[in-house]
Amino acid sequence: MGNWIINHGLTSFILVVWMGINIFLFVWFYLFYDLGDQFFYTRHLLGSALAWARAPAAVLNFNCMLILLPVCRNLLSLIRGSFVCCGRTMRKQLDKNLSFHKLVAYMIALMTAVHMIAHLLNVEWYNNSRQGVYDKLSTALSNLEDTENTTYLNPIRKTDIDKQQIPTYFVFTTIAGLTGVIITLALILIITSSMEVIRRSYFEVFWYTHHLFIIFFAGLVFHGAGRIVRSQQKTDPPHNFTYCKDRIEDWGRIPECPIPQFAGGFPQTWMWVIGPMILYLCERLLRFIRYMQRVSYRRIVMRPSKVLELQLVKNGFKMEVGQYVFLNCPAISQLEWHPFTMTSAPEEDFFSVHIRSAGDWTDKLIDIMQQLPEGAQGPKMGVDGPFGTASEDVFDYEVSMLVGAGIGVTPFASILKSIWYKFKDSNPKLRTRKIYFYWLCRETHAFEWFTDLLQVLEREMEERGMGDFLTYKLYLTKWNESDATHVRVHSDEDTDVVTGLRQKTYYGRPAWDKEFEQVRKENPTSVVGTFLCGPEALAKVLEKKCAKYSDVDPRKTKFYFNKENF
Amino acid sequence: MGKIEWAMWANEQALASGLILLTGGIVGVAGQFRGWQFAAYAVAAGVFVCLLEYPRSKRSKGTSVERSGQYCFTVCVKAFGPLTRNYYFRAFLHAAICVPGGFMLATVLGCVCLGIASLIYLVAAIRGEHWEPILPVKEFRKPVADSIKNPPQNPPPRPPADMRRKQADLERAAYDNPFSVTANE
């Protein structure tokens, strides 16, 4: 239980607060419209459907305000940087920005559905009142029009077309109705193109369709401009509805019952969303400015197995370990930005990315680079970033367990290099005394460059007599008989036959229980940070092991789990 | 955007439209709206569209992800052969189904969404896509080789002499031999 609080407590707290605000807004506005005296006559026409439409509207205002914030990645990086004092648990919450964005989106979808259904009922009942289907009071209220001394309550004024089509006509000729339909349509298209299947397979469809949010917000801001939800205004002398509701014929004729006056409420949605809209605009502007900045190529290297290494230099570019950048190459596609983890350390005077052939864009990039003459500059490249992830915390832990699976090993190139630089310079920022590195992959194909890095580190550590600092284990999860035989025959040699490294390759998946036991035994009083960049299934396994082997006793070993995600 | 299979997005859009049509229809019928007959039609149409669109098609390239429990729906949809396989037919079907939804406010949104799904299906059909059922793959078991049935008569051959000596030196033998196994004793 204690471990659950450590690992998930703050997230759950934030979710409870968010949900609490939603519920509060819903109930508050529901009661405001359902009990308020100024809406007595409106309720007479609409019943509780009025409150059922307005309450989700309030929740929608709140959530539409929130939804733009988690995707302002530069703003989040800024917050992350300024939270250096507030502990890693706070900063870890910022990793979950996309999950929060999706959660808020689900709430928007749900509330839109409730809001829309309630308004369908409202429009139908307004229409019926206007047709005189209900009681005398409803008909009298609906007959009020916008003239010099009367104001309407029922927004449906037309009666001379087919009664069944009046609601449709009404919706498409009022600002609220038209904007409502358009933005709901935009929302539906956004949601269907954001389903996981589409997103993972055709990112471009998801990305371009998602820009319909511009239409969504534009329509949202004007949605209330027509002010068609009306409440009773104070008149002089006052119109007491309890007394006057049964004396319709006397309205305007006796002093106690002047003709009731109605007016719509001031539109409020823009007040909620204008702030985040401006922030998001700044975010996109910043991305554009970054794109315009000059990026020059220091080196372009083709690594084995179709891996392209780019070493780039950009004025004023400062990075931390394990961060990623977005690259854009107008020669390939004007609008696509693709994320890549940086593989260089902050101590170096350039930044590098290793790009593997993984789709249309990367294939074209590798093609272009292969056809460049020696020493030439590459095509124009826009770089946005750097953006932070959990790897920045790696130096805070005395002991670190780094697990990289497949392509997930990339951020650890940056981390290992940086740790080594810091160690050589005896940088006080480095609290790490021991690193356990686990590299899991099916085959080392496409990661030969990483093997080279490990060889260099290994050699340097041997020279300084610091062999103990880094313990690494490579697990090849795909192997066959001939591999096994090859290894068996060469099992006596000093270096591993597959990688050429001193530490031997293991086959199959790691036995995590044994590994955690060993780490715990060798570091009985430390706080151990576990960092994973890899598949979700492995994240679940490691999270469980961290919880299992952590001791709530602060003097004993404690494991904290951090996950990278893209 | 080269490799997209438009039918995948059309499928998501059509399924969502079916649900929206269904919801609008239920509201229209339950609230006894004017033109509730159109709402009743929308309920039936919505259910039909959902049933038709629930089973995902197999992708021509890449792994297909099934929706949970879609196997029975796949079988039903497959039974209609070319009618469900061809996306031109599906596009026109959806366009036809959506029209009556436009006559009543409660179902207008479902109508427009289904119309959009129909357009995306048309694009998919023009690109030459078609619906393929996702069926479980039968695994072939290789017939058991004869040699397995007869256990070996002789013990396994001993490893060569130098390897045996090494094992004894390192004292890491997996088992203890009850008697020495070196050749010259």
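**Where chain A meets chain B**

Visitor: What makes a residue pair across the interface of chain A and chain B count as a polar contact?

Guide: The rule finds six such residue pairs, both residues at pLDDT 80 or more. A polar contact needs two N or O atoms within 3.5 Å; within protein, one must be able to donate a hydrogen and the other to accept it, and residues adjacent in sequence count only if both atoms are side-chain atoms. This is a predicted model: local features need pLDDT of at least 70, side-chain atom pairs need 80 or more, totals for chains, interfaces and linings use all residues, and side-chain values use heavy atoms, without hydrogens or water. Residues count from 1 along each chain as written, while chains are lettered from A and ligands numbered from 1 in written order.

Visitor: What is the area buried between chain A and chain B?

Guide: About 2900 Å², with 71% from carbon and sulfur atoms. Buried area is the accessible area (1.4 Å probe) that two parts lose on being put together, summed over both. In chain A, Leu120(A), Gln164(A) and Tyr202(A) lose the most, together 22% of what that side buries.

Visitor: How are helices H8(A) and H9(A) set to each other?

Guide: They pack at about 85°, with axes 4 Å apart. Axes are lines fitted to C-alpha atoms over the stretch in contact, and angles run from 0 to 180 degrees between N-to-C directions. Angles of 65 to 115 degrees count as roughly perpendicular, so H8(A) and H9(A) are called that.

Key:
Helices (H or I, at least four residues) and strands (E, at least two) are DSSP runs, numbered from the N terminus. Angles under 35 degrees count as roughly parallel, over 145 as roughly antiparallel, 65 to 115 as roughly perpendicular and the rest as oblique.
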